Amino acid sequence: AVALYETLWANKTPIESGEKKSACAGGCPCAEKQESKAVGDQAVLIRVNEIIRQSRIVLIMKGSPEAPRCKFSKQMVELLSAAGVSPSCYTSFDVLSDPAVREAIKGVLAWSTFPMLIVDGALVGGLDVVKELHASNSLNLVPEATTATVASSNTVPAPVTQAPIAAATL
């Protein structure tokens, strides 16, 4: 998680990364607020990493697969079903439930719209990308190993630090 935090915040200005401004070195309230924000930001980034890694296939959406709250999320669920991936085969996260996580996911994955499809911790893309993959019969989400083998793995995944994968590499 620390490596993720360092990677994501390496290119931020001191204020954006939560560091004290030199004028605030005396412990003034604004420096304390910035320190608190940095701790909060790190917690959000850790939460984003947990969400992205919670299963092999993760759908970041508005609502849930059973009750999508926008037409794009509904279309993504329908595309996954058409590709043979039922909601029981993936996990989802409702970005409307946590605004801080919603904004952080956009930055972590370098993708600004929802829904987002993540496979093996890497961004596949949004609805347009998944539509193209489905139309070209390239949306193969069935793993080589069985679901039981994947679910029984005792390894802890590494933090997400990779760039989004290109659609062609699926």
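This briefing walks through the salt bridges and cysteines of the structure above. Please keep in mind that the model is predicted. Two salt bridges turn up in the structure, while a search of the whole structure for disulfides finds zero.

- Asp 120 pairs with Arg 56 in a salt bridge, and their closest N and O atoms sit 3.4 Å apart.
- Asp 120 is partly exposed, at a relative accessible area of 46%.
- Arg 56 is also classed as partly exposed, with 22% relative accessibility.

**The bridge within a helix**

- Lys 106 forms a salt bridge with Glu 103, where the closest N and O atoms are 3.3 Å apart.
- Both residues are found in helix α4 (residues 99–109), and their spacing of three residues is about one turn of the helix.
- Lys 106 has a relative accessible area of 22%, so this residue is partly exposed.
- Glu 103 has a relative accessible area of 47% and is partly exposed too.

**The cysteines**

- If you are looking for disulfides, the search of the whole structure comes back with zero.
- Cys 70 counts as buried at 18% relative accessibility, because the cut-off for buried is under 20%.
- Cys 89, at 44% relative accessibility, counts as partly exposed.

Notes: Residues are numbered from 1 along each chain as its sequence is written. This is a predicted model: local features need pLDDT of at least 70, side-chain atom pairs count only at pLDDT 80 or more; totals for chains, interfaces and linings use all residues. Side-chain values use heavy atoms; hydrogens and water are left out. A salt bridge is a side-chain nitrogen of Lys or Arg within 4 Å of a carboxyl oxygen of Asp or Glu. Buried means under 20% relative accessible area, exposed over 50%, partly exposed in between (1.4 Å probe, protein chains only). Helices (H or I, at least four residues) and strands (E, at least two) are DSSP runs, numbered from the N terminus. A disulfide is a pair of cysteine sulfur atoms within 2.5 Å.
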